[in-house]
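This briefing concerns the interfaces within and between the chains of one model. It is arranged by topic for quick reference.

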There are 2 protein chains.
Amino acid sequence: MQVIRNIKIIRDCVKYAKSKDKTIGFVPTMGALHQGHLSLIKKAKKDCDIVVISIFVNPLQFESKEDFKKYPRNFAADKDICQKIGVDFLFVPQTEKLYPLGYCSYVNVDNLDKKLCGAFRPGHFRGVATIVHKLFNIVQPDIAYFGQKDFQQGVIIKRMIKDLNISVKAKILPTVREKDGLAISSRNKYLTKQQKKEALILFQSLQLARKMIKGGERDAARIISQMKKLIKKVPEVKIDYVSIVDINSLESISLINKRVLVALAVWIEKTRLIDNSIISP
Amino acid sequence: MQVIRNIKIIRDCVKYAKSKDKTIGFVPTMGALHQGHLSLIKKAKKDCDIVVISIFVNPLQFESKEDFKKYPRNFAADKDICQKIGVDFLFVPQTEKLYPLGYCSYVNVDNLDKKLCGAFRPGHFRGVATIVHKLFNIVQPDIAYFGQKDFQQGVIIKRMIKDLNISVKAKILPTVREKDGLAISSRNKYLTKQQKKEALILFQSLQLARKMIKGGERDAARIISQMKKLIKKVPEVKIDYVSIVDINSLESISLINKRVLVALAVWIEKTRLIDNSIISP
């Protein structure tokens with residue numbers, strides 16, 4: 001595995017591989033690699049000849065400097081994981097090269113970036129779309145891999161790819177969960193043992209929604225109300241939103257007559273957690 | 001010359017050419033081709049193995065529907081010109097394919113898009129950056145060619161290329177002028193013979209600025225004031241702006257101690273005309 005920090009060098013490596021008709025799989029990450037990332041890398045290895053992972057904690061997608069600063073970073077462990085799993089190129093760009101002095105270009109995916117988490121994290125999805133597009137332009141992958149846990153991110157990236165005529169296929173892979181159901185996330189590292197137990201309420205509320213929909217409930221408001229009621233039984237958990245939306249437009253749905261996305265975001269003390277599930281009636 | 005309307009087909013044609021190690025020169029246009037465009041095409045032919053021209057009147061960069069509708073279109077003549085000059089691929093995409101239902105992704109080059117013309121044409125440069133980026137993604141050129149007459153457009157595209165890590169080199173070629181100095185523009189077609197004479201005041205005011213700077217004048221405000229005074233001698237001409245700015249940041253300059261851009265925009269009845277000149281002290 002080659003660790004590459006320089007933009008021109010990764011470009012050249014990919015160009016060379018492509019000249020040999022190799023396909024490129026790409027997993028953009030912010031590091032703190034976990035089982036969720038591993039499932040993406042494994043799939044990339046299965047699909048493609050060459051696998052590129054990027055590790056870059058993108059300042060543009062954090063609303064607060066504090067959140068950016070405390071975001072977990074452990075390059076030595078990440079590198080070890082990538083090496084063991086057989087990544088070809090580990091790309092670790094420098095912030096000042098990606099955002100040089102005078103930087104002022106941004107990709108906006110309007111409307112979609114205001115829904116769900118977007119309403120609570122202004123600028124977040126602009127940061128995500130911009131960095132993903134930049135990395136696509138540098139790495140020129142055939143396929144890029146994202147986790148369903150960040151469902152809105154996936155929808156926005158797919159929309160961006162379609163709208164801006166980008167020659168990359170985005171694949172969204174299922175959320176990887178702990179045995180007890182907790183969605184695996186880098187931010188779980190912030191949680192105490194007790195908080196991890198409290199965090200199970202996210203998955204449990206999604207299971208409640210599934211059970212209600214499978215049981216014939218079609219009224220989204222009633223499901224959301226029951227989910228909120230369940231969550232409020234854990235007083236440490238503060239709700240940002242619980243929503244049932246169209247899986248493409250992310251618009252709220254009142255009557256469930258097709259596959260829907262049930263999504264929620266909560267706070268446990270200073271840690272924001274999200275989870276979601278796609279449920280068919 | 002092949003006329004191509006389909007996005008996938010132009011992609012495949014370019015891909016095939018690239019697989020044969022051909023370099024791709026690209027001239028994006030809105031049609032109504034004139035000597036200015038021809039100078040870009042000629043340069044592209046000189047630099048590159050394959051020359052692609054696009055003709056697309058981009059609705060996203062017009063503020064008013066009226067302006068969009070009346071924009072000159074003459075495909076038969078344009079096609080003839082391209083054929084004669086030896087264009088390889090004439091790409092004529094369809095609006096509904098470039099902006100399909102639900103389209104919502106945009107490229108913003110902040111700050112730069114608010115200067116000069118941006119202050120008078122909100123959304124215009126977002127439209128320009130977005131379509132140019134889309135066309136870059138489709139055509140995948142090595143070099144793209146733009147005219148200096150649209151200087152701000154050139155600065156914004158160069159910034160976008162740098163910021164978003166786009167693998168295209170943008171070349172800006174000198175403004176082509178009529179013998180009397182009038183900058184050639186598709187919009188000149190709107191002008192009556194009399195108005196064409198009145199429009200000479202743009203070039204004359206730039207010449208005045210040049211004369212003053214070469215004569216030792218360093219105070220931008222004094223130059224602008226003299227230019228405006230000259231323009232006002234033609235009562236049919238209404239000024240949008242007359243500015244002296246930094247050639248990279250487009251920020252106003254008060255003391256001229258390096259190369260500057262002198263730029264102006266005026267209206268003659270319902271036709272908006274722009275012109276500019278780079279002048280060294």
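This is a predicted model: local features need pLDDT of at least 70, side-chain atom pairs count only at pLDDT 80 or more; totals for chains, interfaces and linings use all residues.

In chain A, the assignment gives domain 1 (2–173) and domain 2 (186–279). Chain B superposes on chain A by a rotation of 180° with 0.0 Å of shift along the axis. About 1900 Å² is buried between the two domains of chain A, and about 2300 Å² between chain B and chain A.

**Domain 1 and domain 2 of chain A**

- The C-alpha centres of domain 1 and domain 2 of chain A are separated by 26 Å.
- Contact between these domains of chain A involves 22 residues of domain 1 and 21 residues of domain 2.
- Of the area of about 1900 Å² buried between the two domains of chain A, carbon and sulfur atoms give 58%.
- On the domain 1 side of chain A, the residues that lose the most area to domain 2 are L116(A), F120(A) and F151(A), which together account for 30% of what that side buries.
- Polar contact across this domain interface of chain A joins 6 residue pairs, both members being at pLDDT 80 or more.
- At least two residues each come from helix 3 (65–70) and helix 7 (151–163) of chain A to the side of domain 1 that touches domain 2.
- By class, that side of domain 1 of chain A has 10 nonpolar, 5 polar and 7 charged residues.

**Relation of chain B to chain A**

- The rotation of 180°, with 0.0 Å of shift along its axis, brings chain B onto chain A with an RMSD of 0.0 Å.
- The two copies are therefore related as by a two-fold rotation axis.
- V107(B) is the residue of chain B that comes closest to the rotation axis, its C-alpha lying at 2.3 Å.
- Both copies use the same surface, since 100% of the contact residues of chain B recur in chain A.

**Interface of chain B and chain A**

- Chain B and chain A each bring 31 residues to the contact.
- Carbon and sulfur atoms give 42% of the area of about 2300 Å² buried between chain B and chain A.
- C104(B), L164(B) and N165(B) are the residues of chain B that lose the most area to chain A, together 26% of what that side buries.
- Between chain B and chain A, 23 residue pairs are in polar contact, with both residues at pLDDT 80 or more.
- Two or more residues of the side of chain B that touches chain A come from each of helix 1 (7–19), strand 5 (105–109), helix 6 (124–139) and helix 7 (151–163) of chain B.
- Among these elements, helix 6 of chain B gives the most, with 6 residues.
- The side of chain B that touches chain A divides into 14 nonpolar, 10 polar and 7 charged residues.

**Salt bridges**

- Over all chains, the whole structure holds 30 salt bridges.
- The interface of domain 1 and domain 2 of chain A has 2 salt bridges.
- The side chains of K115(A) and E251(A) form a salt bridge, at 3.3 Å from N to O.
- Across the interface of chain B and chain A there are 2 salt bridges.
- R126(A) and D110(B) are joined by a salt bridge between their side chains, at 3.6 Å from N to O.
- The closest N and O atoms of the salt bridge between D246(A) and K258(A) are 2.8 Å apart.
- Both D246(A) and K258(A) lie in the loop between strand 8 (237–245) and strand 9 (260–268) of chain A, so the pair ties together parts that are 12 residues apart in sequence.

Notes
Residues are numbered from 1 along each chain as its sequence is written. Chains are lettered from A and ligands numbered from 1 in the order in which they are written. Side-chain values use heavy atoms; hydrogens and water are left out. Domain bounds come from an automatic or database domain assignment. Contact means heavy atoms within 4.5 Å. Buried area is the accessible area (1.4 Å probe) that two parts lose on being put together, summed over both. A salt bridge is a side-chain nitrogen of Lys or Arg within 4 Å of a carboxyl oxygen of Asp or Glu. A polar contact is a pair of N or O atoms within 3.5 Å; within protein, one must be able to donate a hydrogen and the other to accept it, and residues adjacent in sequence count only if both atoms are side-chain atoms. Helices (H or I, at least four residues) and strands (E, at least two) are DSSP runs, numbered from the N terminus. Ala, Val, Leu, Ile, Met, Phe, Trp, Tyr, Cys and Pro count as nonpolar, Asp, Glu, Lys and Arg as charged, and the others, Gly among them, as polar. Copies are superposed by least squares on the C-alpha atoms of residues with pLDDT of at least 70 in both.
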